[in-house]
Amino acid sequence: MSTPSKFDTIVIGAGPAGSAASAILAEHGLRVLVLEREKFPRYHIGESLLPFTCFPLKRLGLFEKMRHSAFVKKYSVQFVSPSGKASQPFYFSTRYETDVAQTWQVLRSEFDQLLMENARTKGATILEETTVQELIQEDGRTLGVRARKKSGELIEFRAPMTLDCSGREAFVPTRLNWRIREPKLNKVAVWTYYRGALRDAGVDGGATTVAYVPEKGWFWYIPQHNEMISVGVVAEGKYLTREGVREPKEIFIREIGQNQWIKDHLAGGTQVGSYHLTSEYSFRSRYSASEGLLLAGDSFGFLDPVFSSGVMLALKSGTMAADAIQAAFEAQDFSAERFTEYSRVLREGLENMRKLVYAFYDPNFSFRKLTNKYPEMAGPITDCLSGDVNKDFSALYAAVAESAEVPEPLSYGFPLLRNTAEASCA
Ligand SMILES: Cc1cc2nc3c(=O)[nH]c(=O)nc-3n(C[C@H](O)[C@H](O)[C@H](O)COP(=O)(O)OP(=O)(O)OC[C@H]3O[C@@H](n4cnc5c(N)ncnc54)[C@H](O)[C@@H]3O)c2cc1C
C-alpha cells in the first residue's frame, strides 16, 4: 500500500525525541509520519541514561520493558582524579524512590529501535531510509517537506505541523541559518569500545565513571551488556591534538596514560571496532518554532555530554512537543506563539544543566569543595545531575558563583513570532 501524502504532523528523525513525540501524537489520535534517514537498528552515541528518563519512559509505556531488558542497571555516578582516586559514588537512592533511583546504560541501536517500534505500534507511519531534503514553506509558514527515498525518488508530504527531531545535524537550524555555536563549550570527543575490561563489584558495576585528565578534560567509562565498555575522552581540541597528534586512535591511546583508573580498568580488556571522533559541539537554535514548525531534542540544542543529559532532554522535549502540538490541533492554531510555554520549559531545563556544565569546566570549581562548604547543596546537585532540571536552582548557583563563572541564559531559543519575522525582513 502506498503512503498517503497528507498527515497531521511530519516528524523528521526517529531518535529518542522523534520516536517519543510520534508515539504520543499517535496516542492523541493524530496522523503522524516519521521520516528517518537510516535503516534501524543503527549505531548512535549517547548511552548513559539519567534517572529522570523514568518519567517519559513511563509515559511511553516502556518502563516495564526497560526493567526486563538486558541493559546494564545504573545506580550511581562517580568522579575519578587523574591519579586514579575515585570519589564516593553519588547513589541516586540517597534522594529518590526505587523507580527513579536506578536507570540504565543502553546500547543505542537496541534502545532506539525499541522506541521506534513503540511509536509504530501506537500507529505512527515510519519510513526508514528516507532523508528529508527541504521544507515546503509559503509566506513564513511550513506546509510540509520534500524527502528522498533510498531509490532516489523525491516525495512530497504535507501537514499543518512539522517537528524537527533530526539530532545534532539540526536539519531546520542548519537550513534556516538558526544554528548558533557555543564557543566556550567547543570540545572534541574521541571514543571506542572495549570487551572484557574491568567492572567494579556489585551495585557499582553499572556506574558511570567520569575520570579527569589534565586541563579539565575527562573520560567517560560506561559498562554495557555483552561484556562491552564504552569509553571516550572529551577535551579542548588544542589539548587533544597537542604535539601534532591528530589520529583518533593515537589521541585515545595517549590519553589512557593520563588517568591511572582508566589505564588500570582497560588493561585486561580488548579494544573492539573503530575509533570515533566528533568536534561538532554545543549549540542552540536561534528559534524553537515558527508557524507550523517546532524543534525538539538535539536539533533545538545540544549541550556538552558530561552529565549525560541528552537522551533525557530528547525524550522529555519529544513528549512535551507532542502535547503542545495536540493542543495546537484542538485550537486549530499553528502559530509560533502557541509554543511559547513549551520553549520556556525547554530553555529552563537546558539553562540549569548548562550552568553546571560551565562549572565543571571551570578550573576553580570542584564538587567536593562546594559540598564541603555547603553540605546542603549535595541535594540540588544530585537533582540536576539526575535530570530533575525544571526547578529553582538559584541557591545552588549563588553558591557556585563564589568559585566559578555562572553564565547568563542565552538570549535566544524562543519562537519566531510573526512581527519579529516581519521586523527582521524590513
Ligand atoms: C560524544 C557524545 C557522548 C554522548 N553521551 C551521552 C550520554 O552518555 N547520555 C546521553 O543521554 N546523551 C549523550 N549524548 C547526547 C545524545 O547522543 C543525544 O542527546 C541524543 O541522541 C539526542 O536525541 P535526538 O532524538 O534529539 O537525536 P538523535 O538521537 O541524533 O536522532 C536523530 C535522528 O534523525 C535522523 N535524521 C537526521 N537528519 C535527518 C534527515 N534530514 N532526514 C531524516 N532523518 C534524519 C538521524 O538518522 C537520527 O536517527 C552524547 C553525545 C555525544 C556527541
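A residue counts as buried here if 20 or more other C-beta atoms lie within 10 Å of its own, with C-beta atoms placed from the backbone. Keep that cut-off in mind as we walk through this predicted model.

Let's start with helix α10, residues 310-331. Of its 22 residues, 16 are buried, so the helix is largely enclosed by the rest of the structure. Its length checks out too: at 1.5 Å a residue, α10 should span 32 Å, and its end C-alpha atoms sit 31 Å apart, which agrees.

Now step back to the loop between β21 (301-302) and α10, where you'll find Pro305. Pro305 has 21 other C-beta atoms within 10 Å, so it is buried. From Pro305 to Pro82 is 20 Å in space, C-alpha to C-alpha, and the two are 223 residues apart in sequence.

Next comes the ligand. Its shell holds 37 residues, and the closest are Gly15, Gly46, Gly167, Gly297 and Gly310. Helix α10 turns up again here: it gives four residues, the largest share of the shell. Along with α10, both α1 (16-27) and β8 (130-138) supply at least two shell residues each.

Conventions. Residues numbered from 1 in each chain as written. Predicted model: local features only at pLDDT ≥ 70, side-chain atom pairs only at ≥ 80, totals over all residues. Expected span 1.5 Å × (residues − 1). Buried ≥ 20, exposed ≤ 12 C-beta atoms within 10 Å, placed from the backbone. Near = placed C-beta within 6 Å.
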